[in-house]
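Okay, thanks for coming, everyone. Let me put the structure up, and then I'll walk you through it.

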Amino acid sequence: MNLSIEKGEFLVILGPSGCGKSTFLDIIAGLSEPDEGSVSLDGNVIKGPGLDRGVVFQQYALLPWRTALDNVTFALEANTDKEKREEIARNYLSLVGLSGFEDRYPYELSGGMKQRVAIARALAIEPEVLLMDEPFAAVDAQTREILQTDLLRITEDTHKTVVFITHSIEEAIFLADRVAVMTSRPGVIKTIIDVPISKESRYTDDIKSTPEFAKIRHELWELLKEEVVKSQETCSKCSVEDCRVVNDDQIKEVDL
Amino acid sequence: MKSKSEIVDATDSLTTGRSIDPKFSFNFLRFFKNIIHKYAAIFVFLLLWQILPTLGLVNPIYIPTPTVIAATMWQLTLNGILPSDIAVSLSRVLAGFGLALLVALPLGFLLGGFFRNFEKAVNPLLQVLGQANPFTLLPVFIVFLGIGELSKIAIIFWVTQWPVLFNTVTGIKDVDPVLVKVARTAGLGKFDVFRKVLIPASLPTVFTGIRMGAIFAFFMLIGAEMIGSTSGLGFLIMESQMVMEIPNMWAGIVTVALLGLLLNYSILFIEKRLTSWKQETISFI
């Protein structure tokens, strides 16, 4: 697939669950290597993990033996001195609305708060691109909506490029500048749809009930429906390992 | 039919229980339950132990009362027998146990963290060696190392290393892969991933191994001292039995039990300090 992502853009990759969206994100993060093709950031081919990309994982992925603050400073320890990195961490924790929770351990935080810490940690390295792999899949519906709004505000304030993976159509429309619909097998980008809803109206209005929103939702659902059916047919036949291989084959070139 | 009515009964009592005063009755019950759970069995056991020999229902010559045993322990402490045997036994246990930690911890970290394929290859062999009954091996150790301190320390080392090794390997292997991903995206190299993620994440499992090791070490110590030794608590127990100084024998038995508890609690103490981030309270083995 060929996909280029603009600077400052919020791109959502929407696809049926199960078959390999995470692999795609792992490749951009530099955690996995594509079998074929390449991913480049500002023209440089990605060869491994780097501090120009911050990743938020589906599970909270906090280090349970570290406090919220120490989780955020984790990636800064190699090249920032203690005082400086704690100051940075405090700032980002307050940005995600967790001032006062610096000394709490992960088990003392709710699911939503844990994911806020994870977002603060990804932002603290001041990456150019924020990679998010179904980050709100594990939190409850109400918390999820609040987190979505906050994420939109934060990424706009910090001018981050975001690649966000989800299988929720509503989440995709609410967050995205563009939504890329991924097919299940083979994992290619089927279509890319623009979401012409202004950021301001997303914060203020109940945009999920506007006709505009409904129209895009319908459009995406039509695109996604057959993929869901297909993925259920194929996924029942093969192992996850095979899935990964097939998806990797399809990733040819991605420019960020 | 029967099981159905039981379920109904259970829910009934639950609702009535709640309707009285939920908060008060809950806390009150829990407080007493905790106390009872913790100490009642021990108290009743000691009480029976005191009463039955006193009433003559159990022969007091074979099983003296706790007060007699305590008095004997005090006497043996005053005449220096018990302290010296404790010192001998403890030094054996600590030497064997310490040696096992020194070898098995780094080995486990290496096998689980860096040489996983090698670990897979040697695991069946290690399992077989670990399963071998150590008491059957004691003569082998004596043949090679003589009947002195060395063979005892060696057999304690041998027994202790297995649970420590196996738990360390498992602990490292079972670390949530997403934590390793986090570390790698933070730009950490292999050694830092190991130091900052794998080791702390595996600590709870590692400590389970260490505590099991301590228990095994004590088992083996007493066994080895009973089979071939002229000092130590195992020898004291054996010797007292042979010359029919039954209170002395019991004093030895109780001392061993208390030392085992002490060692286990000490490790638990360290473990709680190091893994205080864990939500669950660590239960006592």
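Predicted model: local features only at pLDDT ≥ 70, side-chain atom pairs only at ≥ 80, totals over all residues.

Residues are numbered from 1 along each chain as its sequence is written, while chains are lettered from A and ligands numbered from 1 in the order in which they are written.

How does the model score? We get ipTM 0.82 and pTM 0.77. For pLDDT, the predictor's confidence in each residue from 0 to 100, chain B averages 84, and 88% of its residues score at least 70. Residues 1–22 of chain B stay under 50, and there the model has two contacts beyond four places in sequence. Residues 281–285 of chain B also stay under 50, with seven such contacts. A contact, by the way, is two residues whose C-beta atoms, placed from the backbone, lie within 7 Å.

Let's look at one residue in chain B. B:Leu46 is found in helix H2 (residues 22–55); helices (H or I, at least four residues) and strands (E, at least two) are DSSP runs, numbered from the N terminus. The cut-offs: buried takes 20 or more other C-beta atoms within 10 Å of the residue's own, exposed takes 12 or fewer, partly exposed is in between, and C-beta atoms are placed from the backbone. From B:Leu46 to B:Asn133, 87 residues apart along the chain, the C-alpha atoms are separated by 34 Å.

Next, where the chains meet. Twelve residues from chain B and 17 residues from chain A make the contact. On the chain B side, helix H8 (177–185) and helix H9 (190–227) each supply at least two residues, and H8(B) gives the most, with six. That side of chain B divides into seven nonpolar, three polar and two charged residues. Here Ala, Val, Leu, Ile, Met, Phe, Trp, Tyr, Cys and Pro count as nonpolar, Asp, Glu, Lys and Arg as charged, and the others, Gly among them, as polar.

Over to chain A. Its domain 1 is assigned as 2–52 + 127–255, and its domain 2 as 63–126. Between them, 13 residues of domain 1 are in contact with twelve of domain 2. On the domain 1 side, helix H5 (residues 141–158) of chain A brings the largest share, six residues.

Last, the sheet. Six strands of chain A form an open, mixed sheet in the order S5-S6-S7-S2-S8-S9, where strands pair if DSSP finds at least two bridges between them. Its edges are S5 (53–56) and S9 (189–194) of chain A, each pairing on one side only. S5(A) runs parallel to S6 (residues 129–133) of chain A, joined by four bridges, with A:Gly54 opposite A:Leu130. In a regular strand the side chains alternate between the two faces of the sheet. For S5(A), both faces are covered: A:Arg53 and A:Val55 on one side, A:Gly54 and A:Val56 on the other, all buried.

How values were computed:
Domains from an automatic or database assignment.
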